[in-house]
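Good morning, and thank you for coming. Please look at the sequence and the model on the screen while I speak.

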Amino acid sequence: MNDDVSWMNLALEEARIAASKGEVPVGAVIVREGELLARAGNSPIGLHDPTAHAEILALRAACRREENYRLPRATLYVTLEPCVMCMGAMLHARVARLVYGATDPKTGAAHSLFQLGGDERLNHYIEITGDVLAEESGEMLREFFRSRRKRVKG
C-alpha cells in the first residue's frame, strides 16, 4: 500500500499541473516492477482532443517507450476513476492493475457505473484498487469545479 500511495502522489502532481493549465485536474502514471514508464495530466482542452485524458496520454507515452502496444504487468495509477474510453484502452493494452483515487458516480467504468475491468465477457481482467488518496483527489476536483462555477456566476 505504501507504493500505491507514493505513485498516487505522483499522479496528484500531474493533476495539479493539469489544473494550472485550466484542465480538469486528473493525473495518471504507469509503473511496472517499480519503474516509472509514463506520467501525464488531462489535456483535452489544450490539445483540442476529446481523447486526451490523463490515462490515454500516459498509455500512449508508455507504449511508445516500450515499443509495444501492450503493457503486461503494468499498473496504471489515476486520481479519478476512469471512464469507459480509458478502461477500454487499458483493457486493450493489457494493463494488469488499476489504482484510482476518487470514484466517479457519473461516468466511472471501473466500479461506479460499469465494472469493465472484471467483466467476464471480455478477454482481459484488470485487478482494481480504488479509494487510494481519494480525499485528496476528490478535494482537488471539487475545488476546480467550485472555482469554475464562481467564474460563471461572477
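This is a predicted model: local features need pLDDT of at least 70, side-chain atom pairs count only at pLDDT 80 or more; totals for chains, interfaces and linings use all residues.

Glu33 counts as exposed, because its relative accessibility is 64%. Residues are numbered from 1 along each chain as its sequence is written, and side-chain values use heavy atoms, with hydrogens and water left out.

Where is Glu33 found? Glu33 lies in the loop between β1 and β2. Helices (H or I, at least four residues) and strands (E, at least two) are DSSP runs, numbered from the N terminus. The phi of Glu33 is positive, near 50°, although the residue is not a glycine. As background, most residues other than glycine have a negative phi. Strands β1 and β2 form a hairpin with 2 residues between them, and Glu33 sits in that turn.

Let us turn to the strands themselves.

Which strands pair with β1, and in what sense? Two strands pair if DSSP finds at least two bridges between them. With strand β2 (residues 35-41), β1 pairs in the antiparallel sense over 6 bridges, and there Gly27 has Gly41 as its bridge partner. With strand β3 (residues 74-80), β1 also pairs in the antiparallel sense, over 5 bridges; in β3, Leu76 stands opposite Ile30.

Strand β3 in turn pairs with β4 in the parallel sense over 5 bridges. Leu76 has Leu98 of β4 as its bridge partner, and Thr75 stands opposite Arg97. Strand β3 is mostly covered, with 7 of its 7 residues buried.

Now for the sheet as a whole. An open sheet is formed by 5 strands in the order β2-β1-β3-β4-β5, with mixed pairing. Strands β2 and β5 stand at the edges with a single partner strand each, so one side of each has no neighbour in the sheet. On average, neighbouring strands of this sheet are turned by 15° against each other, direction ignored. Helix α1 (residues 2-20) packs on the sheet and touches β1, β2, β3 and β4, and its direction makes about 50° with that of β3. Axes here are lines fitted to C-alpha atoms, for helices over the stretch in contact, and angles run from 0 to 180 degrees between N-to-C directions.

Is Thr79 buried or exposed? Thr79 is buried, because its relative accessible area is 1%. Leaving aside neighbours within four places in sequence, Thr79 is in contact (heavy atoms within 4.5 Å) with several residues, among them Met8, Ala11, Pro25, Gly27, Gly101 and Ser137.

There is a further positive phi to mention. Leu133 has a positive phi of about 55°, although it is not a glycine. Leu133 is found in the loop between β5 and α5 (134-153). Leu133 counts as buried, because its relative accessibility is 17%.

Next, a pair of alanines. Ala61 is found in helix α3 (residues 54-66) and counts as partly exposed at 25% relative accessibility. Ala61 and Ala40 are 21 residues apart along the chain, and their C-alpha atoms are separated by 8.5 Å.

Let me finish with Phe114, which lies in the loop between β4 (97-102) and β5 (127-129). Phe114 is partly exposed, because its relative accessible area is 40%. Thank you for your attention.

Methods:
Buried means under 20% relative accessible area, exposed over 50%, partly exposed in between (1.4 Å probe, protein chains only).
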